[in-house]
Amino acid sequence: MNIENLKTFITLSELKNFTQTADRYYIVQSTVTNRIMELEKELGKKLFIRNRKNVELTDEGHHFLTYAKRIVALEASAIEELSTLHTFSETLRIGTVNTVYDCFLMHPISSFMEQNPDISLKITIDHSGPLLRMLQDGTIDLAFSYVPLKKAGFHCMPFDTDELVLVTAPSHTEFSKGILQSQLPEVHYLYCNFLIQDNGVFLRDLFPKNYSFAFEIDKLTHLLYYLLQGFGSSFLPKKLVENYLADGSLISIPLIDFEAPLMHSFLIIPEAKEKNPAIGRFLETIDAQKEVSDPETEEPA
């Protein structure tokens, strides 16, 4: 399967315009058409519906798009790995959801780079679903996910448990003593469906059916800026906002007649890579960082 045809297919699916796709690759429009026709002939399926105004993916095109992206990513990963063979002793490819990265991985990654300059690090930040697909495709070596992977050949273990807290700017005092579930639509809620698990559904189900949020974003940590600017309220992991709660930049709103679920994150490693020295050293760095952040209190003499 020609990789250039796949890349052209992916770009056309995003731009939905043959001329713009041709300009992206500095080729003529007929070349784009030929590449798509070659791909459709090879697959035996129509990938696009074309008319004078629009270019849209067919159902088969939507289904194939995920695989096309994975094939292109796998090729890029192979090229990167080969290119580092004579520069670094090893490449460690880490996939993580955004919140785990911000709460737990930034400092360990810095320490790991300082202690292991001979190891090349590749960090991918994405949602749990794509990360699990990349892990199974072999384009990342380990994943930190909110969704467990229960599949032979992979070791999935609990990484952390956190609670969700409803937070807002201290200027919003109308619900400082607590809020009922029925009052949630009154708080100008900033929404992020950040979990594929039950928790993501839980947050939306707290609101009336077909409720329209005034603001939605797909990266949980990006909500912080708007909350700190005084816009509305949102559920966020406690460990993500504990410093802001401590210094008074944000306040938490008590929940009166309902509870927020716990957030469980998982570390997933292919069994074939469990003894990989670089992975072992990276996990040791995380453990060391956790000990610094949460030192055990000594028993009084």
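## Confidence of the model

This is a predicted model, and its pLDDT averages 87 over the protein, with 92% of the residues scoring at least 70. Residues 297-301 stand apart from this picture in that their pLDDT stays under 50, and for this stretch the model has zero contacts beyond four places in sequence.

## Packing of α1 against α3

Helix α1, which covers residues 3-15, packs against helix α3, which covers residues 29-43, at an angle of about 110°, and the two axes lie 9 Å apart. Since angles of 65 to 115 degrees count as roughly perpendicular, α1 and α3 are therefore roughly perpendicular to each other.

On the side of α1, the contact is made by Glu 4, Asn 5, Leu 6, Thr 8, Phe 9 and Leu 12, while α3 contributes Val 32, Arg 35, Ile 36, Glu 38 and Leu 39. Taken by class, the residues of this contact comprise six nonpolar, two polar and three charged.

## The second largest pocket

The second largest pocket holds about 220 Å³ of space. Its lining is formed by Leu 65, Thr 66, Lys 69, Arg 70, Ala 73, Asp 126, Pro 130, Arg 133, Met 134, Asp 137 and Thr 139, and these residues divide into four nonpolar, two polar and five charged.

Helices α4 (59-83) and α6 (128-137) each supply at least two residues of this lining, and α4 gives the most, with five residues.

## The second largest cavity

Rolling a probe the size of a water molecule over the atoms shows where empty space is left. A search of the whole structure finds two cavities of 30 Å³ or more, and the second largest cavity contains about 80 Å³ of space.

The residues that line the second largest cavity are Thr 99, Val 100, Cys 103, Phe 104, Tyr 146, Asp 160, Thr 161, Asp 162, Pro 237, Met 263, His 264 and Ser 265. Two or more of the lining residues come from each of α5 (98-115), β6 (154-168) and β11 (262-270), with α5 giving the most, namely four residues. By class, the lining of this cavity divides into six nonpolar, four polar and two charged residues.

Technical notes. Residues numbered from 1 in each chain as written. Predicted model: local features only at pLDDT ≥ 70, side-chain atom pairs only at ≥ 80, totals over all residues. Heavy atoms only, no water. Axes fitted to C-alpha atoms, helices over the stretch in contact; angles between N-to-C directions. Parallel < 35°, antiparallel > 145°, perpendicular 65-115°, else oblique. Contact = heavy atoms within 4.5 Å. Nonpolar A, V, L, I, M, F, W, Y, C, P; charged D, E, K, R; others polar. pLDDT = per-residue confidence, 0-100. 1 Å grid on protein atoms, 1.4 Å probe; cavity = no way out; pocket = protein on both sides within 12 Å on 5 of 7 lines; lining within 4 Å. Points joined across faces, edges and corners; volume = space filled by probe spheres on them.
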